[in-house]
Each structure stands twice: as structure tokens, then as C-alpha cells.
2 protein chains.
Amino acid sequence: MLGLMQDWPLLCHRIIEHAARIHGKQEVVTRSIEGPIHRTNYAEIHKRALKVSQMLERDGIKLGDRIATIAWNTWRHLEVWYGIMGIGAICHTVNPRLFPEQIAWIINHAQDRIVMTDLTFVPVLEKIADKLPSVERYVILTDKGHMPETTLKNVVAYEDWIAEADGKFKWKDFDENTAAAMCYTSGTTGDPKGVLYSHRSNVLHALMANNVDALGTSASETMLPVVPLFHANSWGIAFSAPSQGTKLVMPGAKLDGASVYELLSTEKVTHTAGVPTVWLMLIQHMAANNLKLPDLKMVICGGSAMPRSMIKAFLDMGSNVRHAWGMTEMSPIGSVSALKPPFSDATGDTRLDVLQMQGYAPFAVQMKITDDSGKELPWDGKTFGRLKVSGPAVAKAYYRVDANILDEEGFFDTGDVSTIDEDGYMRITDRSKDVIKSGGEWISSIDLENLAVGHPAVAEAAVIGVFHPKWDERPLLIVQLKQGQQATREDILKFMDGKIAKWWMPDDVAFVDGIPHTATGKILKTALRDQFKDYRFPNAAA
Amino acid sequence: MLGLMQDWPLLCHRIIEHAARIHGKQEVVTRSIEGPIHRTNYAEIHKRALKVSQMLERDGIKLGDRIATIAWNTWRHLEVWYGIMGIGAICHTVNPRLFPEQIAWIINHAQDRIVMTDLTFVPVLEKIADKLPSVERYVILTDKGHMPETTLKNVVAYEDWIAEADGKFKWKDFDENTAAAMCYTSGTTGDPKGVLYSHRSNVLHALMANNVDALGTSASETMLPVVPLFHANSWGIAFSAPSQGTKLVMPGAKLDGASVYELLSTEKVTHTAGVPTVWLMLIQHMAANNLKLPDLKMVICGGSAMPRSMIKAFLDMGSNVRHAWGMTEMSPIGSVSALKPPFSDATGDTRLDVLQMQGYAPFAVQMKITDDSGKELPWDGKTFGRLKVSGPAVAKAYYRVDANILDEEGFFDTGDVSTIDEDGYMRITDRSKDVIKSGGEWISSIDLENLAVGHPAVAEAAVIGVFHPKWDERPLLIVQLKQGQQATREDILKFMDGKIAKWWMPDDVAFVDGIPHTATGKILKTALRDQFKDYRFPNAAA
Ligand SMILES: Nc1ncnc2c1ncn2[C@@H]1O[C@H](COP(=O)(O)OP(=O)(O)OP(=O)(O)O)[C@@H](O)[C@H]1O
Ligand SMILES: Nc1ncnc2c1ncn2[C@@H]1O[C@H](COP(=O)(O)OP(=O)(O)OP(=O)(O)O)[C@@H](O)[C@H]1O
Ligand SMILES: [Mg+2]
Ligand SMILES: [Mg+2]
């Protein structure tokens, strides 16, 4: 027997409709690409999003068509975000930090019909435009006064474009499983893969993210997403904030410490979210200038693991801090390291220990860890295995890739390796492609890296597995020293000795001038493995 | 094009599975019907719910079968709640405060196959048992030691019953639109009507309720639902609390001021929810004994409007307080009077003014007000009209009633009359059946009642419309005086004069010894209208 409740599809644009109706005057503040601080509100954004929809329809865009955005976090990006989804087209956020060839590859793979871009990216698009046959026109997210001279095809200034619409337009209802948005993975472990979100998955993810123990913002608080709309669905914040009527502060193109600090401070931001590299810049800027952020209640950090020192710096500042672990394929939130019993009131090292983990799954995310054969492993906080997840906001396939990516129980292999403890706290110990398999046992490259960066002379460390005739693989520690600092192989190994199991000790240390990173700031181990592909351990018999 | 996200049905039992896995050790504390305080946790409740499912299957219960519960809030009620839903049967919570004939009518209408009941209700069930042909067996929610002598058919003690199950049982997946639970309305305006919740609607409602500006509890907080599981789906708390890992404190049969106070205090409850009559008893008990509740952060009040004095009493105590408006047909939350801009930091009378309203809709509830012809009315805080709602947790039909209850836009008429202001705050001014239509204009009976109870001698007041030859209807004020207090018709009318529009003034005042109430504590105007059906205004020409 079916229930007798209303058929009310979970559609993304209903979120901005709700925000406009109930929280219409709530502000959205942006550091505009053109320079000045721009202020608008949810009612205005909703109105202009309707105009976007109207213009897209006039330009012949239909249900299921892909529209690329290559843009920073701004109110205009938010308008096109909802305007695209409102007519059932697909908002494809492209990461502009990728190499131009990658950007071209992704746009071609997605077959985007229109590209909407910030001024910043006009030059790079001009360079690749002739390799983008599917693109019919370019919309530059600016006004007439700021329009550049450009060779881009069929180009129009956003403000001119929507000025042609009268806004008398109604969004339609359709199946909640309709595709709404598309985001490619960061390309840390190989080529980026396309994830196709549905309206349903995005709305459910927003509701999940709104939980007090996740992002949990209210209509009386302010969120600054440093994480861009093009990175892992901006952690769902473009949905969760308006769904709750939270004030949004959009940082535009300037993500350096001083710029982010300025917005956090002047807009009295209570919640913010971003990757560790951004927080490092903020903390350094604040320390150097002896600055405070008395309104900042919560810093969410994801994308990569936060060093313990960073967690401590935020706590010392009087802010709470939470790890969020997730991935593009999970919309992206998979876990949040909120404190809960028995740690709700933990202090000192215990608190740091908990916050250093990646946290526990909110309702509607299911987790398991398994060995290579798929057998479930215990939640004891020690055993580590492949982390697999399931939920309504988790991918079941990649766009235009004809392969089953779920196991028999419907779980998706995250490619991460982790432990889970009896309280549900998960700790990432590695990527499955990076874990070092020494004589059949696993060594966590991340644990070794975390330990090595504790040495005062080490700026950054990366560990990769290198072929070993006896053990199959052994860890090679690659170190970049801090400027002006010195340390030898022996210094560093001695520092690590005794802090880990003997057989985890790296077989060698290699010093490099710089460690390569992805567009989202992660260590690019594929490049390191390439760089060290001819390396052989001195102690390994040939 | 459809998205590529997992098909993960929103099923109620996934909530308790999640709670068991992630928050397994979180406590559920009950004042048991047998007397002592009982402590268990989510992991145990999950285990025992599986046994309930196993036994129900053994007893031949199938997908879609109705199982009645007539029980207080206890851990056992929670176990059968999830155990019933876990196999796709329907948990039908029956309000034991109804008259025995009403209980029988409801059980027959639902065609319940098993009745699970607390010790408290064995006597009343024995009296009506021979009128319940669909019921095959009775499960008494107690253990062998407390089993009464009873004539109930095929009776078993709950603990004996589940002791037969080994718990090796797996809940199945099914369509999320499958019916999960059933609850009849309170019967304030007529016969109770059956609302049939789906798994989807209950899960979505829980996610909504978890928003910071709604119930918003975390895994580090404690919720005491005074509102029973049988009243309007217990405001969703049996879903929202475990979904977040919130500690639950269940008050069992004792809802008097002293008992509720004791649990709030000893269990350090942070959030509680109930109807105004319960809060009145609590406040009186605390005042009389000079008691405090330093841990209590939030009191949620719904079912009827809170008097201003009650709101003030809680604020003075240092607790926050929020109106929740809703109805059985809405799962039930429709609005919550959380403070939001421009009122986030409101104090004094402004704060009271906002909290006295019924609040604004969370995301996934849509509201409109219309006139009798269905035309939408403005959100100006003054115009009042029929309040209509839509959302995934709003009913589209009643159980076994073959009538369309939605308008062309898919909205359900709540039967309430309200204003909505430009910030989205809604204020109930009446029931549409109670609103007084005087010469084509509407007079709010609730506004008149609120004003009349402000008179120091008035204990309770009710206003009904009475036939008037010239104006169709005019207001009659019915008053119950406080014990030992005196006031005349003229005293009371004089007190009201000048505080409302002249034409709103009641045409007469009638004094009664008691005002009739429903099982959930609401004024029963149907009974009053019956009582005064032969009344004629003295000033009305025949
Ligand atoms: N809080 C965190 N702590 C540690 N690692 C994290 C955290 N959050 C995310 N990650 C890492 O980031 C990954 C998800 O990142 P993203 O979806 O941006 O692409 P990617 O996995 O880096 O790239 P690709 O899948 O293309 O190789 C996770 O699988 C995990 O390895
Ligand atoms: N916070 C509140 N303030 C004022 N009234 C409220 C509030 N919450 C609920 N109500 C009233 O209670 C009603 C819903 O109650 P419920 O579903 O228990 O049954 P009922 O409407 O009283 O009974 P019936 O529908 O059978 O006549 C609402 O329609 C509204 O009139
Ligand atoms: Mg990945
Ligand atoms: Mg009703």
C-alpha cells in the first residue's frame, strides 16, 4: 500500500523560490570580479535567475542540454546556476585552474552548448575556443561597461543578455531524478570523471548538510564559501544556504589571506568552508598582522586533511573547526568531524585527536570498509580498508563511461582507504592508489607524510611506494625543505624513528625543490611517481 | 536526461539503522509504565526492533497491514514503531484519550490486525474488544511479571513475544512511497480523519525538522518529547532525534508538571516539545516550588497557540521558546517561529510579538492564503484568508475517503485562517469553521478569545458565531471565570472596548462552568455550538 502524501518533486529551483519567498531580503554579498563589493538578496537573485531561464529558452536550450560555467563564486554565478537548472538544463561547473587542454577536454566530453564565464577566463577561452565545436555562444558574466574586446564566438555581456528578458516566466515541474548539474572530479588520481547530479540528490544533500552536526547554518548566520562552485559542487552550499535563509558572502576571484580575512571580518561571517591551503594563507595573514575574527564560529575544512597545527590555530582563535570529508561523487559530503558523545566536551589533545579524523557519516550516507576481496572489516579504529559508501547523493555511474562502479550491495568504492572506530569516526589513511603494499601488508602514506611534516625543517612531504625486489613495494619519502632550512636524510629518519612501527619506516628520503599539486591543491602523486619511475632503493639488491 | 545518482529509497527504518551504527551508545531514557526509570540505547532499540519485525512476519503480518499502537512514549513504543515499519506494515498510533467509541471506530476504520498497548489501556480495550473484529491479537507492552489478568484475545506480553525471535533478520528495501504510518486527526472540527504517511514523507520531514531553525537538535543534545507518538506523528521527533543521534527522554504516562520537571532536570534535557496545557502545568509547578532548569535551551510549543504570558515565562526562565504550527496532515510541521532577520536579536515586546506568531515555513513547505474563491491574498501581515499548503510531507487524500482535497495547484486547505507578513511569518487567526462571518466580513474568534482571557477574572474564553438576522452571524463570547472571581457581562465588554474594531465587539457574553476540550486539549467548538444552538442575541430582532 502506498502512502497518501503529496507528489512534490525535490527540485533545485524550489530552494531559491523558497529563499525568495521567505528570506527574500536576506543578503548575498560578493567581492565582484570588476572590483567593488556588490550587495543583492535572494529575492533579486530569484528574479534574475528567471530571466536567465527565459533567455536560455529563447537561445534554444532544452531539457538535458549542458551549459558550462567557468566562474568564481559571485551572485551572478548563483543566478545562472539556478536559471540553468530551472529549465532542466544542466549546470556544468568547470574548474578554471585546470590546464587549458583539460578544460577543452572536459567541455568536449560534456558537449556544452553555451559557456558562461568570468572576465578572468576570457583569455584562456580564446586560446582553446577553436577546439570547442559544441559551444554555440559565450556569455561573459559582466556588464557592457566591462566587456573586453574578444574573439569569442557570438559573445554577449550577461547584463545585456538578461536585460532582454521581462522575467515573466515560470519554472516547470519535472521528475526529481532529472539531471541538474555536472561536476568533474579533481583529477588527482587520473583523468577527471564526470559526475551527474540530479535535482533529487542536490536537494537531499542540502537537507543533510543543514543538520546541526554538519554545516548547520541558520537564517541568523552568515556563510562564506571559499570553496568554489566549481569544486565538488561547492560542498552543496549554494543549495544549503538559501534553503535555510543563511546570508551568503561570495569571495569572487580573491582567495588570498588578506582578501578572505577582510570579507570574514567586515561581513561578520559566522561560518566558512574551504580547503587547507586557503586556511593556511588566512592563518598566516592573521598571525602576521595580529588580527582577530570574533564572529567566526565555525571553519569547515575539506578536500585534503588538515594538519593538527591548523586545527589548533583555529581553536586557539576561538573558532570551532570541523573536517568535512567528501568527494565530487558524493555531492560531496560524506562525513563531518563534529564532536559527539563521548567527545562532546572533549578538550586538549583528545579534542584535537577527534577533529583530526575525517568524522562520521550524517544520516543518508552509509559507509563500510572492506578488504580487497570485498569482505567487511571491523569498526575498531585500527583496521584499515577500502572505504565504500552508499546514499541518495552518491554517484552510481560516471557520465559517458559505460562501467558499473557499484558493488553487489550498491556501494561505491571511494578510492580512499580508512579506518572507522566504534563511534563511527572515520579516518582517511590513504588513497587506494597511493597505499604502499609492503609484503602483503598496507602502509599508510598519509600517516608517514603527517609525521614527516612534524619535523621543523620540512615544508611539505609526500610518500610514494617504489618497487622493491623483496617486498614488492617500500615507502620513499619525498621532502621539500622550508626555505633557508637544512636537514639530512638521517635527521629526518631519526625524527620519525620510534613514532611508527619499524617496518613502516621509509627506505629512503629524496629531497626536491617543489612538490606538484592538482588544481584543487592536492599532492599530485601521479606526477611524483612519474618523476621517480627510474628510482631504485640503495639498499635493494638488484 | 536523468542524473546518475544512486537509487537509495528514503525508508524510515534506515534512520534507526543509522542511529544504531553511528550513535549506538546514545541513550534513550524512559519513565516506564511499570514505574522505574529505564535506560537503553539506539543500538539496543534497533536490535529489538528487528525482533519485532521477525515476530510480526511469523504472525503473518504482510506489507500494507495495519498494526495499532495505543501507548505512551516509551522505548518499547519506539521499538515497535520501527519494527512495524521495517517490514512495510503500517504503524497506526491511536490516541487513547479519545472516547472508547471513537477508539473502536478508528480501529475498525483502519482494520488493524494487531493491537499493541500499554498496561494503562487494557481496561478500555477489554470494554470495546468485542466490537473490533479485525483485531487478531493483543500485545501488551510489558513483561511477564507485570502481565494483568485479561480477557483480551490471543494476548501476549511483549517481552515474552520478542524473546521468541533470534533477531537474525534483515529489513528489506521497497518503494519509498510505501505507507509507513497512520495517524488520525484530533477530531476538533468533526470526526477524526486518517492520514497515511509514506516512508518518503517521514524521512523528508525528519530532515526538515533537523534544520537549526526548526527543531534542530544535535548528537550532543537531549530531546524530551512530551507530545505523544500518537499525536500528530509526535511532531516527527521519533524520526528526527535518532537521525541526528540526539539523546531521547521519554516521559511515559506521567505528563504532570512535577513528573515532566523531574525528567527535564535529572536528564539535563536541552530541547522539549509539547502542547500549551502541558507547559502550563510545568510552569505552575516550577513557580510554586521555585525551581529552575538551567540546561533547557528550547521549548517547542504546538497544537494550539501559546498565550503571551507563557512565552514570557519561558524567556524569563532563560529558555528559548518557539511556536510550531502544524497538523496531522502535515507530518505535522508547517511553520516554526524561529527568530530571523530582521528579528534575530529582537528583545522585549518585539520578540514576544514574533514568538506569538506561528512562524514561517521551512524549506519543503509552501504556503499561500486565499479568499473563498481561491484567489491569492497578499502577505502583508493584515489580510487574512484560508491557509493552504503543499509539500512532500503534506497529505493529498485521507485514508478510505474518496474525495479530492487539493486545489488545482496541488495545495491542501488546512482549515486554518491566517495572515502572513512580508517576512513570511504566519499568524493563525482562526479555524475556517470558527471564523465569524459578519455581513460578509470576517472576525477572528481567536483574537477575541486572546483579548478576553487578558481580563483578570477570566480563566478561559471561547467565541462562536451565532445566527443574526441582519449580519448573518455575530460573535458570542463564552466565558469561564477563575474560581472565586467575579465579573459581569459589562465588565468584560468594557475591558475589551477600544482594543478592537467596534464591529468586532461580541454582541453578548455567556458564562459557563466549563469549556469542553478535545483529547489533545483544544477548545471543542462543535460542542459549544451544539450547546448554544438555541441561543438568540437579545439585541437581534426576530
Ligand atoms: N577532509 C578530508 N581529509 C582528507 N582527504 C580528503 C578530505 N576531503 C576530501 N579528501 C580527498 O579528496 C578526494 C575527493 O576529491 P575530489 O572529488 O575533488 O577529486 P579527487 O579524488 O581528488 O580526484 P580524482 O577522483 O579525479 O582522482 C577524496 O576521495 C579524498 O581522498
Ligand atoms: N502552534 C499552533 N498555534 C495555533 N494553532 C495550532 C498550532 N498548532 C496546531 N494548531 C491547530 O491544530 C490543528 C491541527 O491539529 P490536529 O491535526 O491535531 O487535528 P485538529 O485539526 O485539531 O482536528 P480535526 O482536523 O480532526 O478537526 C491546526 O489546523 C491548527 O488549527
Ligand atoms: Mg576521486
Ligand atoms: Mg484539522
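**View 1. Ligand 2 in its site on chain B.** A polar backbone atom of B:Gly303 sits 3.0 Å from a nitrogen atom of ligand 2. Bear in mind that this is a predicted model. On its own, ligand 2 has 630 Å² of accessible area, and the protein covers 96% of it.

**View 2. The shell around ligand 2.** Here we step back to the residues that surround the ligand. There are 21 residues around ligand 2, and the nearest are B:Thr185, B:Ser186, B:Thr188, B:Thr189 and B:Lys522. Which strand supplies the largest share of this shell? That's strand 14 (residues 320–326) of chain B, with four residues.

**View 3. Ligand 1 in its site on chain A.** Now for the ligand held by chain A. Ligand 1 has 21 residues surrounding it, with A:Thr185, A:Ser186, A:Thr188, A:Thr189 and A:Lys522 the closest. Look for a polar side-chain atom of A:Thr185, which lies 2.6 Å from an oxygen atom of ligand 1. From A:Ala324, a backbone N or O atom lies 2.9 Å from a nitrogen atom of ligand 1. The side chain of A:Arg431 has an N or O atom 2.8 Å from an oxygen atom of ligand 1. The protein covers 96% of the 630 Å² of accessible area that ligand 1 has on its own.

**View 4. The seven-stranded sheet of chain A.** Reading across this open sheet, the strand order in chain A is 7-6-5-3-4-8-9, and the pairing is mixed. Strand 7 (156–157) and strand 9 (194–198) of chain A are the edge strands, each pairing on one side only. Zoom in on one end and you'll find strand 6 (residues 137–140) of chain A paired with strand 7 of chain A in the parallel sense, over two bridges. There, A:Ile140 faces A:Ala157 of strand 7 of chain A.

View 5. Helix 3 (residues 75–86) of chain A lies across strand 3 (66–70), strand 4 (90–93), strand 5 (114–117) and strand 8 (179–184) of chain A. Helix 3 of chain A runs at about 140° to strand 4 of chain A. Helix 7 (residues 199–209) of chain A also packs on the sheet, where it touches strand 8 and strand 9 of chain A. The direction of helix 7 makes about 75° with that of strand 9 of chain A.

**View 6. The eight-stranded sheet of chain A.** This one is an open sheet too, with eight strands of chain A in the order 2-1-11-10-12-13-14-15 and mixed pairing. Strand 2 (37–41) and strand 15 (333–336) of chain A stand at the edges with a single partner strand each, so one side of each has no neighbour in the sheet. From one strand to the next, the twist averages 20°. Strand 10 (residues 222–225) and strand 12 (residues 271–274) of chain A run parallel and are joined by three bridges. Among the partners, A:Leu224 is bridged to A:Thr272 in strand 12 of chain A.

**View 7. How the two chains relate.** Turn chain A by 180°, with a shift of 0.0 Å along the axis, and it can be laid on chain B with an RMSD of 0.1 Å. That's the relation of a two-fold axis. Of the interface residues of chain A, 100% are also interface residues in chain B, so the copies meet through the same surface.

Methods:
Residues are numbered from 1 along each chain as its sequence is written. Chains are lettered from A and ligands numbered from 1 in the order in which they are written. This is a predicted model: local features need pLDDT of at least 70, side-chain atom pairs count only at pLDDT 80 or more; totals for chains, interfaces and linings use all residues. Side-chain values use heavy atoms; hydrogens and water are left out. Copies are superposed by least squares on the C-alpha atoms of residues with pLDDT of at least 70 in both. Contact means heavy atoms within 4.5 Å. Two strands pair if DSSP finds at least two bridges between them. Axes are lines fitted to C-alpha atoms, for helices over the stretch in contact, and angles run from 0 to 180 degrees between N-to-C directions. A residue is near a molecule or strand if one of its heavy atoms lies within 4 Å of it. A polar contact is a pair of N or O atoms within 3.5 Å; within protein, one must be able to donate a hydrogen and the other to accept it, and residues adjacent in sequence count only if both atoms are side-chain atoms. Accessible areas come from the Shrake-Rupley method with a 1.4 Å probe; for residues, only the protein chains shown count as cover.
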